[in-house]
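Thanks for coming. Please look at the structure on the screen, and I will go through its aromatic rings.

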Amino acid sequence: MINKLAVHYKIGIEDVERIEAALIGVAPRIRTRLPNEGSTMVRVMKVVDGAVDETPHVAKMGYKPTALRAAVEFGHEDASLAQLIEIAGTLLRPIAEMADAQTSCALAGRVYVFCPGMQPYTLRVFLGRSLEMTYEDFHAHWLNRHGWIVKPRVDARGGAYRQFHADPKASFLAARAAGVGRHEFEGCAESYQPDVETYKRSMSKVGSDILEDEKRFISQPDTEVGFYRIVSELD
C-alpha cells in the first residue's frame, strides 16, 4: 500500500504539449521532496485521445471519455498524505493557471496493488458513486469483491492492476493546495498495458461478470475513462 496524490488537468488537445512540458519540468523537483528510500513514484501522463471510444466501458457501460488529458502523480510508502499535499501546494499551483483549473481534478489517498507490474501505458477509470450507495459500502465492494473478480483475468494475461481509493478530506485539501477543483470521484481503477493495440485487444475480452459487477456499485453517468501514455517516470 502506498499513499499517492494525483492531479489531472482538463485541457484542450492544443494545450497538451505545453502542460506536458511543464509537468516534466516540475517532476524532478517533486522527487527531491520525497524520501530517498523505499517505494517512491513520480509519474507524468498524457491521454491518448480516442483510445477508449470503442471499448466496452464507453460503448456498453456509458462511461464518458475523459477530458483530463494530462496528469502528474506522486507518492511514497512512508510519506503521509499531509506531506504530499504540502508538495502539491508548493510546486503545482502555477501549472493550474495553464489549464481549466476549476474542472481539473485532484485526488489523494491510498493505492492497493492486486497485480504488480508496470508498462508504458495505463488505463484510468475515474469512478463515480451513486448516492444510493454509502461511501463505506462503495469502497468495501470495490476493494473486497470487485478487485478479486478482476485479478484472475489480469493475472492470466500477465498484466498489472491497482485500485487508488481517494480520501475525501485529503482530496479536498489537495485540490485547494494545487489550485484545482475536485470532481466527486471515489478514486481510480488502474491497469497497465505495453501499447494501445494490446489495450484495445484486452478490453474486447473483458468478461461480462466484471461489467455486471461494475453496475452494482459504479454510477455510470458520473464515471470517466481515459487511456494514458506515461511520458516520464522517476523512482
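Seven aromatic pairs are counted here, where rings of Phe, Tyr and Trp (its six-membered ring) pair if their centres lie within 6.5 Å, and planes under 30 degrees apart count as stacked, over 60 as edge-to-face and the rest as tilted. One of them is Phe 114 with Tyr 161, a tilted pair at 5.4 Å centre to centre and 40° between the planes. Phe 114 sits in strand β5 (residues 105-115) and Tyr 161 in strand β7 (residues 160-166), so this pair joins distant parts of the chain, 47 residues apart, with strands (E, at least two residues) and helices (H or I, at least four) being DSSP runs numbered from the N terminus.

This is a predicted model: local features need pLDDT of at least 70, side-chain atom pairs count only at pLDDT 80 or more, and totals for chains, interfaces and linings use all residues. Residues are numbered from 1 along each chain as its sequence is written, and side-chain values use heavy atoms, with hydrogens and water left out.

Are Phe 114 and Tyr 161 buried or exposed? Phe 114 is buried, at 9% relative accessibility, and Tyr 161 is buried too, at 4%; buried means under 20% relative accessible area, exposed over 50%, partly exposed in between (1.4 Å probe, protein chains only).

Next, Phe 138 and Phe 217: their ring centres are 5.2 Å apart and their planes at 55°, so this pair is tilted. Phe 138 belongs to helix α5 (residues 135-156) and Phe 217 to helix α8 (residues 208-217), 79 residues apart. Phe 138 is buried at 0% relative accessible area, and Phe 217 is buried at 3%.

Finally, Phe 114 and Tyr 161 form one aromatic cluster with Trp 148.
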